[in-house]
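Dear colleague,

I am handing over the structure we spoke about, and would be glad if you could look through it alongside the notes below.

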Amino acid sequence: MKTKVAIVRCKNYDRIEVEQAVWKAFDLLGGAGIFVKKGEKVLIKPNILSARPPEDGVCTHPEVIRAVIKSVRDCGAVPFIGDNPGGSISPAKAYEGSGLASLAKEEGVELKEVKDIKVVNGIPIAAYFFECDKIINLPKMKTHSLMGLTGAVKNMYGAVAGLYKSELHKKFPSPEEFVKVLVDTFEITRPDLVLMDGVVAMDRQGPSSGRLRYPGLFVAGEDSVAVDSVFAELIGIKPLDILSTKEAYKRKLGEADLKNVEILGGSIKENLVSDFNIPGTPELIAILGPCAKFVMRFIKFWPSIDERLCKKCMICRDSCPVSAITINPNKSVMDLKKCIRCMCCHEVCPHKAIELKRNFLAKVFGL
Ligand code: SF4
Ligand code: SF4
């Protein structure tokens, strides 16, 4: 039987508009009641990367979370919310800044913080991910400076507690090594239902400093790999050119062959997102084919602090897994000999003050 993925249009974050679109997406999949049963404890896992407000398009929008809370309650289940933001940012600060703290208060929903950690296959995961009956994954449709895209599979890396996320980058520095731990985390915390927030998306230098795009879409399904594959197709990328999709598909954790996916609601063709610019290399790898590995050795990226924008908040310094950043009052320094290009600093900077520099060859290939 084919796995189902629903594509539903939603033009903005108006409360009623979102509620109706979320209801429609779940209804196309057979209704939220297929996934969530009466009396169950349901963890809602949004993408709360940092303390950025809804209008920045970095975190899953609070109205999307509100609509999912309602769906869970309509099933007679009990929702709670949890995520671990990037780097040294505390969950409490991220909940506050992203608008989740006030949403949780209005809705009377518990926001989880890490009290205990459970280590599974060497990965320290917030224990509350194991203290629920179901998990609903709410990724944001965005690019990612290290992995190309951050979608449903990548969003579950937020289960890793606090700064352990950066530590794992240090242990597995290359994208090829890191994707294994990313997919391990996904496999351990595999969600039961996914709703991707693509009402407002982000391309170019995502996941926090990119360009806002307005696809006006939700992509939903039971299978996170299939949802990511549809996301890739919507922006004109082959699903298996995204490392996390390729690794998860290889491990048979979901479907990446769209011949085996039934698209419900709108079609991919009528919802294509044009000119979605991805950092890094998936398109280039596809173009260069067998030569890609050789050429990639000469393409260089590195982070750099824009002193005009830097507010000396120290978040990047405290998040860097190899202590490569020194923040000074006038000129801050990134030790590029130490830097492992994990891009955590770029991800967590709340002021878009860390840009990705590229060498001549990267520019030639339009990266
Ligand atoms: S670069 Fe960004 S994160 Fe780092 S100190 Fe400056 S403002 Fe803070
Ligand atoms: S300076 Fe380098 S190693 Fe440190 S967080 Fe930034 S990209 Fe990662």
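Predicted model: local features only at pLDDT ≥ 70, side-chain atom pairs only at ≥ 80, totals over all residues.

Taken along the principal axes, the box filled by its C-alpha atoms is roughly 55 × 45 × 40 Å. Of the 367 residues, 49% count as buried, and, among contacts between residues at least 6 apart in sequence, 77% join residues at least 24 apart.

The largest nonpolar core has 104 residues, of which Val68, Leu195 and Phe218 touch the most other members. Strand 10, which covers residues 193-203, gives the most to this core, with eight residues, and at least three residues of the core come from each of domain 1 (3-271) and domain 2 (282-364). If its neighbours within four places in sequence are left aside, Val68 is in contact with Val22, Ile44, Ile136, Leu138 and Leu195.

As for ligand 1, there are 13 residues around it, and those that come nearest are Cys310, Cys313, Cys316, Cys349 and Ala353. Sorted by class, the shell around ligand 1 is made up of ten nonpolar residues, one polar residue and two charged residues.

With best regards

Methods. Residues numbered from 1 in each chain as written. Chains lettered and ligands numbered in written order. Near = placed C-beta within 6 Å. Nonpolar A, V, L, I, M, F, W, Y, C, P; charged D, E, K, R; others polar. Buried ≥ 20, exposed ≤ 12 C-beta atoms within 10 Å, placed from the backbone. Contact = placed C-beta atoms within 7 Å. Core = buried A, V, L, I, M, F, W, Y, C linked by C-beta atoms within 7 Å. Helix = DSSP H or I, 4+ residues; strand = E, 2+ residues; numbered from the N terminus. Domains from an automatic or database assignment.
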